[in-house]
There are 2 protein chains.
Amino acid sequence: MAPTRRSRQRNLLLRELRGRTDHPTAESLHAALRAQSEGMSLGTVYRNLGVLAAQGEILELAGEDCKRFDGNTAPHTHLCCEICGCMEDLPAAEDAAKRSLLEAAAAYAAQNGMEADGVRILFTGKCKNCAAPAPQTDETA
Amino acid sequence: MAPTRRSRQRNLLLRELRGRTDHPTAESLHAALRAQSEGMSLGTVYRNLGVLAAQGEILELAGEDCKRFDGNTAPHTHLCCEICGCMEDLPAAEDAAKRSLLEAAAAYAAQNGMEADGVRILFTGKCKNCAAPAPQTDETA
DNA sequence: TTATAATTAGGAATGATTCCTAATAAATAG
DNA sequence: CTATTTATTAGGAATCATTCCTAATTATAA
């Protein structure tokens, strides 16, 4: 793999993502970076997201209809809102339960010529906004 | 929702999917159905996959780069191969572990104004072919 | 058989993501 | 500091999965 350079764009992208707790799409990151600095093309955003993910600096999440990215690589899980499709953080899934699932899967896999080495856990439900019974009052009014 | 009719195409699609244990993409289903009967457009495949999934007759899975479909709606989980991207069946994840994960997530969510009502569990690893150390011998030779 | 509306073919449109190329700019050597 | 090398960028074209549109078809019920 080619050596990596510290380009202005890559640094800005990483900083932006690290500073957010939502899980933005490439488009959303592009828009945000566009607003705060000059050069930053969409292609560059995509390419650098790929580079950073490959280096393990960020996480690439499979969203409902497009990829989402997470600057927090510490172990945690996500709640995907069935209504609006957003993703929110949840604390890390309990290790015991997780381990037990993976162990069972790994054992079965081994018996069948496969290998299971990871689990991905995604909770589904409703985010704060969509769980609220009535439309939120407009706090900006 | 509009009443649903038993069109030839929808029946063929469901039969094809029920008869497979891989988790085909829309394209793959389209190709298979094309080969065995006359009329079956790609748009029709997509639309009917949507209808059947909405009716709970089939499952829609988020594959690595495109959707995959499963004619088996009985509880089970999947292994997504990191090498070739295919999805294979695994037995249902242990109920106890699953329940424990969901309970913990639901409790946290409730305290924070969210609702967690489901878990999606996906194992990652290698399928039978890709786990094999050397290239498989060509059984057709 | 007939009327009604769900369904189809298939091609256009959309949207996310990748790819391509000349110009630019980190990193390094001298 | 300057020159050289090559990773990186802009941004527009290309790709690919998926959705949408419309006139023609067909399942269904009366």
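The surface near DNA strand D comprises seven nonpolar, 11 polar and seven charged residues. These values are computed from a predicted model. In it, two protein chains, A and B, touch each other, with 32 residues of chain B in contact with 32 residues of chain A.

**The surface near DNA strand D**

- There are 25 residues around DNA strand D, and those that come nearest are A:Gln9, A:Gly39, A:Thr44, B:Gly43 and B:Lys67.
- Three helices each supply at least two residues of this surface: H1 (8–18) and H3 (42–54) of chain A, and H3 (42–54) of chain B.
- Helix H3 of chain A gives the most to the surface near DNA strand D, namely four residues.

**The surface near DNA strand C**

- Around DNA strand C there are 27 residues, of which A:Gly43, A:Lys67, B:Gln9, B:Gly39 and B:Thr44 come nearest.
- The elements giving two or more residues to this surface are helix H2 (26–36) and helix H3 of chain A, along with helix H1 (8–18) and helix H3 of chain B.
- By class, the residues near DNA strand C divide into 12 polar, eight charged and seven nonpolar.

**The contact between chains A and B**

- In the contact between the chains, 32 residues of chain B meet 32 residues of chain A.
- On the chain B side, two or more residues come from each of strand S4 (87–90), helix H4 (95–111), strand S5 (115–126) and helix H5 (128–131).
- Strand S5 of chain B gives the most to this side, with 12 residues.
- The side of chain B that touches chain A has 19 nonpolar, six polar and seven charged residues.
- Strand S5 (residues 115–126) of chain A pairs with strand S5 of chain B in the antiparallel sense, over 11 bridges.
- Within this pairing, A:Thr124 has B:Gly118 as its bridge partner.

- Strand S3 (residues 77–81) of chain B is largely enclosed by the rest of the structure, because five of its five residues are buried.
- B:Thr77, B:Leu79 and B:Cys81 point one way from this strand, while B:His78 and B:Cys80 point the other way; all are buried.
- Strands S3 and S4 of chain B run antiparallel and are joined by four bridges; B:Leu79 has B:Glu88 of strand S4 as its bridge partner.
- These two strands form a hairpin with five residues between them, and B:Gly85 in the turn has a positive phi of about 80 degrees.
- Strand S3 of chain B also runs parallel to strand S5 of chain B, to which four bridges join it.
- B:His78 stands opposite B:Leu122 of strand S5.

**The hairpin of strands S1 and S2 in chain B**

- Strand S1 (residues 59–62) and strand S2 (residues 67–70) of chain B run antiparallel and are joined by four bridges.
- A hairpin of four residues connects strand S1 to strand S2.
- The bridge partner of B:Glu60 is B:Phe69, in strand S2.

**The domains of chain A**

- Chain A is divided into domain 1 (1–73) and domain 2 (76–127).
- The C-alpha centres of domain 1 and domain 2 of chain A lie 24 Å apart.
- Their contact takes eight residues from domain 1 and six residues from domain 2.
- The side of domain 1 that touches domain 2 has one nonpolar, four polar and three charged residues.

How values were computed: Residues numbered from 1 in each chain as written. Chains lettered and ligands numbered in written order. Predicted model: local features only at pLDDT ≥ 70, side-chain atom pairs only at ≥ 80, totals over all residues. Near = placed C-beta within 6 Å. Nonpolar A, V, L, I, M, F, W, Y, C, P; charged D, E, K, R; others polar. Contact = placed C-beta atoms within 7 Å. Pairing = 2+ DSSP bridges. Buried ≥ 20, exposed ≤ 12 C-beta atoms within 10 Å, placed from the backbone. Domains from an automatic or database assignment.
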